[in-house]
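Subject: Structure handover

Hello,

Here is the model we talked about. Please look through it, then read the notes below.

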Amino acid sequence: MPIEFCWPMERRSLEDYYEMILRCAKCEFCKNVFISNTEHWQFAKQCPPGERFGFAAYYATGRIEIARGLLEGELKWTDKLLHILYTCTTCGACEHWCSIFREVYPLKIIMEMRIKAVKEVGPLPAHKRLMENIVKYHNPYGESHEQRFEWLPSTVKTSGESSLVYFAGCSSSYRQQQIARSTVNILSKLGVKFNVLGGEEWCCGAPLFEVGLVDEAKKTLEHNIKTLNKMKVEKVVFTCPACMYTFKEASKYEIEEPKFELQHITDFLLPKLEKIKMKGLNEKLTYHDPCRLGRGLGIYEQPRKILKLIPGLELVEMPRHMEDSWCCGGGGGVLAQYPDFALWTASQRLEEMKFVGVKKLVTSCPACKTTLSLAIPPRLRRAREIQVVDVMELLSKVIP
Amino acid sequence: MGEKDPVYEELVNILGDRVSKDPEIRWTYTRDLEGPLTTDLKRLRRLPDYVVLPETTEEVQKIVLIARNYKVPITLESTRISVKGLAVAIRGGIFIDLRRMNRILEIDEENMTATVQPGVTIAQLSCELQKRNMLIPVPGTPATVSVVSNYLGCGWPGGKARMLSIGLGYRSVVGVEMVLPDGTILNTGSKSDVFIGKDFWPHGMGPDLFLLPYKAYGAFGIITKMTVKCTPIEKELKVFWIAYDNIDSAMEAHNRIVRLDLVPNLHLYAGDKYAGYANDTLESHDRMNRAQPEFQIILTLAGTKRQVEYQEKVIRKIAKETGGRIIVDKLPIYQSFIDSHLGMAGSFGAVWSMRYYTSRGGSWTSTPTLPVDKIPDNWKAFSRAILKDPDYGDPNFGRGEFWRSIIVYPVEGGHYVWGVEKGVDLFIQDPKCREMLLRLHKANLEEQAKVGISDPGFIKDWYTGSLGKPFGVHFEVSKKFKKTLDPDNVMQPGYIYP
Ligand SMILES: Cc1cc2nc3c(=O)[nH]c(=O)nc-3n(C[C@H](O)[C@H](O)[C@H](O)COP(=O)(O)OP(=O)(O)OC[C@H]3O[C@@H](n4cnc5c(N)ncnc54)[C@H](O)[C@@H]3O)c2cc1C
Ligand code: SF4
Ligand code: SF4
C-alpha cells in the first residue's frame, strides 16, 4: 500500500497536528526497517539524518518534539533548528512505519513545519535559488528554458495527435538526459505513439513543495496541469517519480486537477515488454527503490519484473529493499543545501551494494541516479568499477 | 562575549561534536509516551543543559568525572521506550543518550552468553542470536528497547517469552560493567572474581553487588556493558488458550499447571486486553471484547516432540477438570507469540502492542506483586472500583464490565506471581483521562485495602515529582549507600533520591 507521505495539506496548519504530536509513543519503530525482515543489523537503520547526526532531534521522534516546542512557544527559528528541519530527506520511511504502528504521521508534521518556516523566516539560501530559477527559467538549475528539449533525438518522432504524453521532468531534461533519450527510444521501438510538451513543460514543483515553498510550487504545477488538460490528453507517463507524485497530490492544493491518468513508465511498459523477447544481458545487479516511487507510489514490483524479463540478468536484493529501502540522500532539498550529507547518505547505499557483491546498481529515478552517481569515488567512477543506471538506460540496450 | 562554560568545554574536549547545548537538541529529551497523560507538559520547563552521545565506557567515565567535579546532575537513557518519564532531566545538567553505544561485543556460543552495550536493542540482539538458534527473554514492549534498560527495570516478558521457565529479563543477566558515580568501573557477577574474569554466572565475590543497579534508575551508576544468558530455541512449539467464565476456576487451573512446572510460559488474562491488541477501531474492539471469554489462560508448550505431547495431554486433562474450554491455536494473533518465541518482540507482537495504544490508549492503575492466593480478591477489588466509577462503570460510556483488564504473570516456577497488571482503556488525547485515571486509581487502592492488599501503585507525577516516596528501613539503608557513592546526588537526581 502506498502511503501519502509528502507535503500534505489536509490539515492546513501545524496547530492541527498538536494532538498527533502528543500521541508519539517514542516507540522508535520509525528508525528501523521492519524488524522481522532484519538479517543484517548493520543495514537495519532507515533515517539518514538520525544516523548521521545522532541526536534525537534528527530522527522523526525528535522532529515531532521540535514541532511541539514551536507550538508551545518554547522554540524559535534558529540556524540549528533549520538544520534539523532541512536535513530530513523526506524519504518517508518514518511515515511508512508509523502509519502502520501508531498513525502519528511524522513526515506530514515535518512538511507543515517547513511551510511554517518559509512563511516566517523564508527559505534557506539554496532553496531560494531553486525557487528563483524555477520562477525565471522553469527549472531548478537555472538552465535556459529554450534548451529544455535539446535531449530529444531528431530521429524520434513525436505525435501531436497522441493522447499519451511523456513528461520528462527537469532532471532528465538537463542532468540525466540519457534517461529521457532512452525512454523515447524505447517508446518508438515499441511503436507507441506519444507526445511531449516541449516549451510548455515546466518544473512540476516538487523541489519547492519538498522545502515548504507551496505557493510558488502550486503555480508551476498548475501551469503543467492546465496545459495537459487543454490538450485533452488521456495519459501522462513519467520517468521521474517525484514529478508523478506531485501531479498525484494536485487535488490537495485547490488548483485545477488533472483530467488525465498518471502512470510511471515502468508500470506502463511492463505489459508491453512481457509480450516481446528482449536481448540477453549477462549482468549481476541490484535495484534501488526510489523513495517516492516505492513508499510514495507503491511501485515496487514493476521495475523488478522488468529486470527479471531480461534474459541472463541476475537481480540481487540489498538487505534494505522495497518498504525497507534506504534513501539515496538527495530528496527534500538536501542535495542542494547540504551536499556533503546527501553524499554521505548515498555512500551508505553504495556500501550496501558492495555488501551484496554487485558493481552495478539500477534505479528508476533520475534524482536517485544523480545523487548515487555523485557518491561514487572518482577513481572507481573513472574505471567504471561501480555503475549507477536507470532502468530505462538498461532497457534501451535490450529491446530489439 | 558569552560567559565561559567550563563544563561544556571539557565535554567538547572528550566528545567533539557529540555534545550539544543547543536548545532544540535538548528540548527533544523532555517527554515520553505517557507524558501528556500524567502531566501537564506545559508546566514542565526543565531541560538538560547539555546532551552527550558517548561511544565507549571510557567516555562515560570521563563524563561522570566532569559531572562530579562540577556537581552537575546526570540523567541518562538507553532508549526511552519508557512510558513513565524515567529519563527526563528534571534537575537539568548533563543528559547522556547511550544510543551510540550500540555494539554487540560478544556472542559466546560455548557458554551461551551475549555481551552488549546499552544502546543494543532487543531486536538487534535477537537478530544475531536467532542465526545461532539462541534466544533471550523478550519483553512485550517494542523490540526497539535496549536490552540493558529493559532488564534493569526487570524486563517483563509480556505475553511472550518463557517467563515461567526463565523468569524476568534481569534473571538472565550474568554480569554488568558499570561506571559508578565516583568514576570507578565496577564489574558484577563472576567477572568480579579476579581469578575468573569472565561473565558466565551472576554471582561473584561476596558481598554480592549483583542487584545494585536494578530498579535504581541510574542512581547508582551507568551500565556500560551487560552480559546475558541465552537459551536454545526449542524444536517443538505450541500455543494453547483455555477459556473460563470465572476467576476462581481459572485460578485453580493456573495453580495446578504452575505447580507441575509443566510449561515454560503461562499467563492469565482477564478482561479486554486481548481485544485491545487485536483491533484498531473502537467498534471492532468492543465487538471482540464482548464475544471473547472473560478469563483466558494462555500457555506456551515447548520442548522436544515427546515433551510437548506430554504437556498437551496434561493440559487437556486439567482444562477438563476445571471446566475450561480449549480454544485451539488458530487465531492469527498467535503469530505474535510464535515470532516472539523466536526472539522477535518487535515484529507482530509489538505491532499489536502499538495498536493497543493507538486504538484505545491504555494505562495501568497498579501492578502489585502478589502471592497466588491473593489474586481472586485483587481482581474482585479492581472490578468493584471500576463498577462504582461514574465513567468506567457507566455502561454507555465505559462499558465497565468489559473495558478493564488484568494479566497475571506467574514467574520462575510460579511459586510467586509477579505483576497483576490492571489496565483501563482511555484515550490518551482526552483531557479527561488524567482525572479519570487518578480517580480510579484511588478507588482501586481503597478496594484493595479492604481485602488486605496494599500497593503504592503506578500513578505518580512522574515528570515533576519522584518515583513515589520510597520509605522504610530498606530505603534508609540504600540512602547510606547512595551517600557514600554519590555524596552530591549527581546521578539521576529527583527520581529515587530527591
Ligand atoms: C507499548 C509498550 C509496551 C510495553 N510493554 C512492556 C513489557 O511487556 N515488558 C516490559 O518490561 N516493559 C514494557 N514496556 C516498557 C519499556 O519496555 C520500558 O520502558 C523499558 O523496559 C525501559 O527501557 P527504556 O528504553 O524506556 O529505558 P530508558 O528510558 O533508557 O531508561 C529507563 C530508566 O533506566 C535508566 N537507565 C537506562 N539505561 C541505563 C544504563 N545503561 N545504566 C543505568 N541506568 C539506566 C534511566 O536513567 C531511566 O531511569 C512497554 C512500553 C511500551 C511503550
Ligand atoms: S513517530 Fe510513530 S513510529 Fe516514531 S516513535 Fe513516534 S509513534 Fe513511534
Ligand atoms: S522522512 Fe526519512 S529522513 Fe525524514 S525523518 Fe523520516 S525517516 Fe528521517
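What is the strand order of the open sheet of four strands in chain A? The order is 5-4-6-7, with parallel pairing. Strands here are DSSP E runs of at least two residues, helices are H or I runs of at least four, and both are numbered from the N terminus. Two strands pair if DSSP finds at least two bridges between them.

A word on the basis. This is a predicted model, where local features need pLDDT of at least 70, side-chain atom pairs count only at pLDDT 80 or more, and totals for chains, interfaces and linings use all residues. Residues are numbered from 1 along each chain as written, chains are lettered from A and ligands numbered from 1 in written order, and side-chain values use heavy atoms, without hydrogens and water.

Strand 5 (314-315) and strand 7 (387-390) of chain A are its edges, each pairing on one side only. Strand 6 (residues 360-363) of chain A pairs with strand 7 of chain A in the parallel sense, over four bridges. A:Leu361 has A:Val388 of strand 7 as its bridge partner.

Now ligand 3. It is surrounded by 13 residues (a heavy atom within 4 Å). The closest are A:Cys47, A:Cys88, A:Cys91, A:Gly92 and A:Cys94. Helix 2 (48-53), helix 3 (60-71) and helix 6 (106-121) of chain A each give two or more residues to this shell.

Best wishes
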